[in-house]
Amino acid sequence: MSILIGIGTSNKKDPFAAASEAANFALHQIHHKEITLALLFSTIHFADKRLLEGITYNLGRVPVLGCTGANLITSKGITNYGVGLMLFSCPGKLRLGCAASHNIHLQNARDAGKEFADLALHNLGGTQRDLALIFPDGLIENGSEFLRGIKEAFGLSFPIFGGSSADNLRFHRTFQYFNGQLLSQSIVGAVFAGDNLFGIGLRHGWKPLGRPHLITEAKGNVIKKIEDKPAVSIYEEYFGKTLAEIKKDLIRISIYYPLGIYVAGEAEYLLRNALRIDDDGGLVCQGDAAQGSDARLMMGTKDWALEAATEAAKEARAGLEGKTIKGALIFESISRHKLLGRLTERELLRIKEVLGNIPIIGIGTFGEQAPLKALERHGETYFHNETIAILAIGEPHGSA
């Protein structure tokens with residue numbers, strides 16, 4: 001049987017009604033065939049137990065994974081209010097092991113990541129595995145640490161793809177969907193085994209400014225010193241502003257001028273947004289940065305961001321090695337949407353020009369997880385900021 005993928009959306013105010021409408025649209029597109037997996041995304045307005053009750057009522061007890069986003073991305077466009085559902089029907093072509101790790105804010109982050117990965121592998125069974133899909137809470141400050149725990153179980157070169165759940169930019173609370181459960185402060189996802197069904201593309205489009213600066217002290221997601229000075233000095237000196245001025249304008253500055261961390265052997269810089277400034281001038285970031293790494297100020301433009309989306313789509317398509325593209329997931333930093341403004345719809349159009357008129361679903365995220373494109377090997381997965389990550393799903397031509 002060929003892989004069937006359908007999507008449904010709704011902006012009905014009642015979560016149960018929205019779930020029903022989205023489910024009926026998606027079921028029609030897969031001809032009411034057996035459901036292998038349901039991916040459920042919504043804006044924060046629909047984070048309600050009734051949303052999941054509506055999904056179960058219409059689909060039965062099928063595997064459901066997903067989370068809230070800062071916005072909803074689908075083939076039809078981008079909205080700040082709505083529910084999106086993607087259904088997969090591919091019995092015999094795809095096996096999966098689903099898992100959830102709860103209360104990760106109360107655990108050692110690395111242990112929580114490994115707990116999730118070990119459970120997913122156990123539920124998958126067998127030895128073959130091709131990709132992990134994850135949706136962690138986007139308000140966990142050091143997302144890199146739980147990713148390390150996942151890689152400890154899966155291996156450093158194993159492809160992990162995901163998006164960190166988000167809210168409506170209040171940075172208050174995000175939610176994850178796991179079967180019939182409405183979760184928070186959790187990580188949910190699955191590990192897949194199939195026939196090389198996935199292609200990954202990742203780009204950000206930001207370019208370095210000036211010379212590299214050595215990170216001389218760092219701990220986890222806190223860059224304490226750059227060239228033996230408080231880390232915030234990199235912004236003070238470049239912009240000629242006081243510490244108080246930098247603190248007041250930090251969010252805007254870190255969106256337009258994030259730090260780029262050089263990773264030896266990788267083709268792209270890791271971008272890091274500063275969330276806040278510590279009393280000692282350290283920069284608290286969404287992801288980690290290693291002591292001894294080079295950091296550079298990065299600059300983004302709308303044109304560069306649009307071109308990055310095109311390149312990410314081309315990379316995802318190339319990863320399928322000529323297979324028929326059946327659908328795609330897009331996880332994109334909400335910071336990019338702030339930079340692009342009204343051009344986000346043009347960005348989506350560019351992606352569709354590369355991938356074709358296929359079912360697409362995704363969210364605006366508080367962080368992305370995907371492999372960097374390495375110079376000489378399959379890249380290691382990292383935690384990213386201000387990046388667009390695309391997962392294309394395909395199958396060999398003529399599959400039946």
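Residues are numbered from 1 along each chain, following the sequence as written. Since this is a prediction, local features need pLDDT of at least 70 and side-chain atom pairs count only at pLDDT 80 or more, whereas totals for chains, interfaces and linings use all residues; side-chain values use heavy atoms, with hydrogens and water left out.

Start with the empty space. Rolling a probe the size of a water molecule over the atoms shows where such space is left. Here the search runs on a 1 Å grid over the protein atoms alone: a cavity is a set of points where a 1.4 Å probe fits but cannot get out, while a pocket is an open set with protein on both sides within 12 Å along at least five of seven lines. A residue belongs to the lining if it has an atom within 4 Å of a point. Points are joined across faces, edges and corners, and a volume is the space filled by probe spheres set on them.

The second largest pocket has a volume of about 340 Å³. Its lining is made of 21 residues, and R148, L270, D288, A290 and Y382 lie nearest the centre. Helix 4 (143–154), strand 18 (270–272) and strand 25 (381–384) are the elements that give two or more residues to this lining. (Helices, H or I with at least four residues, and strands, E with at least two, are DSSP runs numbered from the N terminus.) Helix 4 supplies the largest share, with 5 residues.

Among the buried ones are G143, F146, L147, I150 and F154. R148, also in helix 4, is partly exposed, at a relative accessible area of 31%. The C-alpha atom of R148 is separated by 25 Å from that of I277, 129 residues apart along the chain. Just after the helix, G155 takes a positive phi of about 110 degrees.

The largest cavity has a volume of about 60 Å³, and the residues lining it include L37, F88, L131, F192 and I393. Strand 2 (37–43), strand 8 (131–136) and strand 26 (388–395) each give two or more residues to that lining. By class, the lining has 11 nonpolar residues, no polar and no charged ones. The second largest cavity holds about 40 Å³ of space and is lined by I3, F88, C90, L94, L197, F198 and I393. Its lining has 7 nonpolar residues, again with no polar and no charged ones.

L37 stands opposite F88 of strand 6. Strand 2 and strand 6 (residues 83–89) pair in the antiparallel sense over 6 bridges, where pairing takes at least two bridges found by DSSP. An open sheet of 6 strands runs in the order 1-6-2-3-10-11, with mixed pairing. Strand 1 (4–10) and strand 11 (181–183) stand at the edges with a single partner strand each, so one side of each has no neighbour in the sheet.

Finally, strand 15 (residues 222–226) pairs antiparallel with strand 14 (residues 207–219) over 4 bridges, and A218 has I223 as its bridge partner. In the hairpin of these two strands, which has 2 residues between them, G220 takes a positive phi near 60 degrees. Strand 15 also pairs antiparallel with strand 20 (residues 283–285) over 2 bridges, where the partner of I223 is L283. With strand 16 (residues 229–230), strand 15 makes another antiparallel pair over 2 bridges, and K225 is bridged to P230. The hairpin of strand 15 and strand 16 has 2 residues between the strands, and E227 in the turn has a positive phi of about 50 degrees.

Conventions
Ala, Val, Leu, Ile, Met, Phe, Trp, Tyr, Cys and Pro count as nonpolar, Asp, Glu, Lys and Arg as charged, and the others, Gly among them, as polar. Buried means under 20% relative accessible area, exposed over 50%, partly exposed in between (1.4 Å probe, protein chains only).
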